Amino acid sequence: MSAPNRRTLLKSALGAAAATAGVAAFAPRSARADHHGDNKSGQPFEISLAQWSFHKALGAGEFSNLEFPAKTKEVGISAVEYVNRFFKNTSDEYLKELKGRCEDEGVTSVLIMVDGEGQLGAADDAARKKAVQNHEKWLKSAQALGCHAIRVNAGSSGSFTEQMERAADGLRQLCELAEGYDQSVIVENHGGLSSNAGWLAGVMELCDHPRVGTLPDFGNFRISGDKTFDPYKGVRILTPYAKGMSAKSYDFPEPAPSSVTEGRGLKFDLVTMCKIVTDAGYHGYIGVEYEGGKLSERDGIVRTREILEAAREQLSA
């Protein structure tokens with residue numbers, strides 16, 4: 001990339017970061033996300049299940065990754081979002097078996113959430129390149145399962161601008177690799193600066209690749225300690241880049257039904273969030289991701305699914 005181009009992109013990226021001062025005045029240059037999963041059913045959005053909703057049961061060995069498609073159907077959902085830590089391996093035989101289980105259940109594989117493969121925004125160039133290489137097996141796995149994307153993290157270190165540049169560089173390298181697997185690379189607001197929606201929008205601008213995008217998580221706007229980013233504002237900023245969406249839910253006030261969820265210092269209304277994203281033109285999958293403690297994992301998933309279904313009905317009226 002030439003120096004003038006880099007300066008231009010960085011200026012645009014920092015302008016995107018300034019969106020924290022006012023969403024309405026912000027028009028993202030790179031807001032071209034394909035919102036993969038745009039459905040032909042006429043529904044405002046589709047519903048999937050993030051595997052992390054069952055992380056306690058999976059961690060306790062109550063069932064395996066191969067059984068996840070069947071468990072998903074049991075809670076009334078027909079699309080899955082995997083988490084890489086629950087894969088026994090990434091062999092061709094294992095992936096073929098998992099894909100077969102999905103086909104047997106009539107379940108669609110949407111994406112794989114990837115953690116623990118190194119910082120894509122590492123300060124050291126070699127470490128950044130190694131992190132990109134570590135993600136390749138998940139691109140291959142996602143392609144084999146019929147997914148459209150892997151969800152990654154934009155972890156980095158340094159100043160606000162340095163982290164933006166480093167994360168954008170690592171993501172661009174990974175996007176170039178992803179082209180060979182026909183996959184998108186989507187970034188979740190997942191703590192640190194990535195939970196500052198203005199910063200993450202800036203990373204999208206600076207990366208400037210058609211395969212990069214965001215996966216806005218309704219409830220992951222804790223930056224550090226007690227410092228949070230307004231979840232409604234954050235989702236508005238990130239949705240123009242979205243190629244996935246996560247309906248994080250925590251605990252619900254009683255009596256039911258209530259579409260408000262509260263946890264980790266954040267409180268928001270799931271129906272309002274669904275309206276925000278569909279008003280912005282997103283009609284792809286919204287993944288149920290329950291992390292509450294008062295309901296069981298299964299009951300929390302069902303409660304969240306029911307709220308999303310009610311939101312979808314309201315938005316269809």
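Biologist: What share of the contacts with a separation of 6 or more in the protein chain comes from residues 24 or more positions apart?

Modeller: A contact here means heavy atoms within 4.5 Å. This is a predicted model: local features need pLDDT of at least 70 and side-chain atom pairs count only at pLDDT 80 or more, while totals for chains, interfaces and linings use all residues. Residues are numbered from 1 along each chain as its sequence is written, and side-chain values use heavy atoms, leaving out hydrogens and water. For residues 24 or more positions apart, the share comes to 78%.

Biologist: Okay, and what percentage of the 317 residues is buried?

Modeller: We call a residue buried under 20% relative accessible area, exposed over 50% and partly exposed in between, using a 1.4 Å probe and protein chains only. Of the 317 residues in the protein chain, the buried ones make up 54%.

Biologist: How many aromatic pairs does the structure hold?

Modeller: Rings of Phe, Tyr and Trp (its six-membered ring) pair if their centres lie within 6.5 Å; planes under 30 degrees apart are stacked, over 60 edge-to-face, and the rest tilted. One of the pairs is Phe-54 with Phe-63, edge-to-face at 5.3 Å centre to centre and 90° between the planes; Phe-54 and Phe-63 are both buried. The count of aromatic pairs is seven.

Biologist: How many residues apart in sequence are the parts that Phe-87 and Trp-138 tie together?

Modeller: Their ring centres are 5.4 Å apart with planes at 80°, so this pair is edge-to-face. Phe-87 is buried at 9% relative accessible area, and Trp-138 is buried at 5%. Helices (H or I, at least four residues) and strands (E, at least two) are DSSP runs numbered from the N terminus. Phe-87 sits in the loop between β2 (79-83) and α4 (92-105) and Trp-138 in helix α6 (residues 136-145), so the parts they tie together lie apart in sequence by 51 residues.

Biologist: Which residues do ring pairs link into a cluster?

Modeller: Phe-87 and Trp-138 both belong to it.

Biologist: What do the buried residues of α4 pack against?

Modeller: Those buried residues are Tyr-94, Leu-95, Leu-98, Gly-100 and Cys-102. The buried residues of α4 pack against α3 (68-74), β2, β3 (108-113) and α6.
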